[in-house]
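Take a walk through this protein chain, one stop at a time. Keep the sequence and the 3D view side by side.

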Amino acid sequence: HRYSLYDDVFDPSVYAIRDALPDITRILYNAWDGLWLKYISRGYRQARWSSVAAGVMTLLVLYLIGSALRSPALGLAMLTLGAMNPILLFSASIVRPEILLLLGASLALWLILRLPSTWRWKPFGVGVGIGLLSGVHWNALALAIGLMTFYALIEEPLHRLRRLLWMGGGIVAGALVAFRTVDPGKFLLSLRTVNYLVSTPPPIVSDPWHPWRWAGHMLHTFFRGQTSFFNFNLIPGWRLAIGASWVGMIVACIGSYVATPPTPSTRRWKTPITAGLLMTLLTMLCLIKRQELTYVIILFPFLLPLVGDCWANRSSSAIAFCLRSLASGFIVGSLLLYGHFVVRYVRQVKSYDQISQEVHALVPDASLRLAGPAILWFAWSPEKFRDIGAVIASGWYTGGRRDLAACVSPWKPEVLVMDPFLRHRLWGLNPVLPELRRAFKVRVQYLGFIHPGDTADEDWELYRLDWGR
């Protein structure tokens, strides 16, 4: 189970460590994504279809959750809210594991609701399923805490501790099964990998006395739409769409509690759902150092029932009607704003086909060995392409040192595609051509640049390396 894009980029002496890259632990996600590339075709759009399919299935499971919690009306409200949510729509359109993790979390919550309480193996079986989600993304740990909290409160209190212990055992067993194919000996015993993990400790370890800083960082990311996938400052409207969506959901939650005064029947499912939501959020706050907007969707199995109840309830009170109307306006408005943003984004960014054509125009000889951003894997022959991101990953094993020549020289790439992130991490604002000549001690020729579109701050630069001199 090797990360083949890095073949011959790392020196063979560190292959055992290279094969323990954290991304390799996403066994289930890598398999899911790989199925679409293998059985449909190898291409940029085909990889995205894996996320689209996971998103559609998630909507169906959300409907089942709402129906099991209260009624088909709640299920329909949850399905509709999910289909109109900009964050979920965005997550289902990029090649990332969060949408598959949301699908797994939704399935686990639905199984907790539908499997009979009298079934002896229910806590262990559900726990195994939750543990397997660690093979999708490590954020499954936060989900595990939230789902255990939900399970503890939704079931009868009799033998609660014993059931939680069995569920915890199942989670551990599921995680061990998921990581069995990773070769734990390499991953856990590699001092350099452990050094990387320890060098980026979670907030509760790195800054335990300032929790408001963690909360501020998380709220800024989730509520203002902070993401690293594109520069949203270059296309207005993104933050407004995300903000309107959150305001609509918050108003709907208020409307849900106003429209439905607390009763034993509503408390029976709202209390566990709310507790699961808060525990998942708290765990994310304590453990996740680098927050990303798409991470928030793992809260949706707990959040959408509370939001959807605003419409599932038939209360005719004036204040409930006003809150419901206000929430509807914000949510519909957020969808329209998101649609407007997408249209502007598509018009301002180059398509993948255009970028691929420009690469081949600058490098017409497809037999040359090319090292560049991983996304170009779809544009070049796999045997002739390597991911130059290996240079960034090499810092995990070298205490932060990143040596471009040491990493890529064993493979001797004939063309380098340097993106802005890599250039700045290696040499800051220094001119690239002199730095490349100094690093490789060979003839280096500037071939040209590719401008990805108006959504990019800087260009990709292409260089030809002549290893014969």
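What follows moves from a helix to charged pairs, then to rings, a surface patch and a loop.

This is a predicted model, in which local features need pLDDT of at least 70, side-chain atom pairs count only at pLDDT 80 or more, and totals for chains, interfaces and linings use all residues. Residues are numbered from 1 along each chain as its sequence is written, and side-chain values use heavy atoms, with hydrogens and water left out.

Start with helix H16, residues 300-312. Helices here are DSSP runs of H or I with at least four residues, numbered from the N terminus. The expected span of a helix is 1.5 Å times one less than its number of residues. H16 has 13 residues, so it should span 18 Å; its end C-alpha atoms lie 17 Å apart, which agrees.

Is H16 mostly covered or mostly open? It is mostly covered, with 12 of its 13 residues buried. Buried means under 20% relative accessible area, exposed means over 50%, and partly exposed lies in between (1.4 Å probe, protein chains only). Among the buried residues of H16 are Phe300, Phe302, Leu304, Asp309 and Cys310.

Side chains of opposite charge can pair when their charged atoms come close. A salt bridge here is a side-chain nitrogen of Lys or Arg within 4 Å of a carboxyl oxygen of Asp or Glu. The count by this rule is 7 salt bridges. One of them joins Lys270 and Asp309, at 2.9 Å from N to O. Lys270 is buried, with a relative accessible area of 5%. Asp309 is buried too, at 0%. Arg70 joins Lys270 and Asp309 in a network of salt bridges.

Lys270 has another contact. It lies over the face of Tyr257, at 4.5 Å from the ring centre. A charge sits over a ring if NZ of Lys or CZ of Arg is within 6 Å of the ring centre and within 35 degrees of the ring normal. Lys412 lies over the face of Trp467 in this way, at 5.5 Å from the ring centre.

Two further salt bridges are worth a look. Lys122 and Glu155 meet at 2.6 Å, N to O. Lys122 lies in helix H7 (residues 122-132) and Glu155 in the loop between helix H8 (140-154) and helix H9 (160-180), so the pair ties together parts that are 33 residues apart in sequence. Lys122 is buried at 0% relative accessible area, and Glu155 counts as buried at 9%. Glu358 and Lys350 also form a salt bridge, at 2.6 Å from N to O. Here Glu358 is partly exposed at 25% relative accessibility, and Lys350 is partly exposed at 24%.

Now turn to the rings. Rings of Phe, Tyr and Trp (its six-membered ring) pair if their centres lie within 6.5 Å; planes under 30 degrees apart count as stacked, over 60 as edge-to-face and the rest as tilted. That rule gives 12 aromatic pairs. In one of them, the rings of Phe90 and Trp238 have centres 5.2 Å apart and planes at 70°, so the pair is edge-to-face. Phe90 lies in helix H5 (residues 86-91) and Trp238 in helix H14 (residues 238-259), so the pair ties together parts that are 148 residues apart in sequence. Both Phe90 and Trp238 are buried.

Trp238 also pairs with Phe341. Their ring centres are 5.1 Å apart and their planes stand at 50°, so this pair is tilted. Trp238 in helix H14 and Phe341 in helix H17 (residues 318-348) are 103 residues apart. Phe341 is buried, like Trp238. Which residues form one aromatic cluster? They are Phe90, Trp238, Tyr338, Phe341 and Tyr345.

The last stop is a loop. Ser351 is in the loop between H17 and helix H18 (352-362). It counts as partly exposed, at 28% relative accessibility. Leu219, Phe223, Ile250, Ile254, Val258 and Ile319 make a nonpolar surface patch of about 500 Å². Patches are made of residues with over 30% relative accessible area and no salt bridge; like charges are joined within 9 Å, nonpolar side chains (Val, Leu, Ile, Met, Phe, Trp, Tyr) within 5 Å. Accessible areas come from the Shrake-Rupley method with a 1.4 Å probe; for residues, only the protein chains shown count as cover. H14 gives the most to the nonpolar patch, with 3 residues.

Methods: Helix = DSSP H or I, 4+ residues; strand = E, 2+ residues; numbered from the N terminus.
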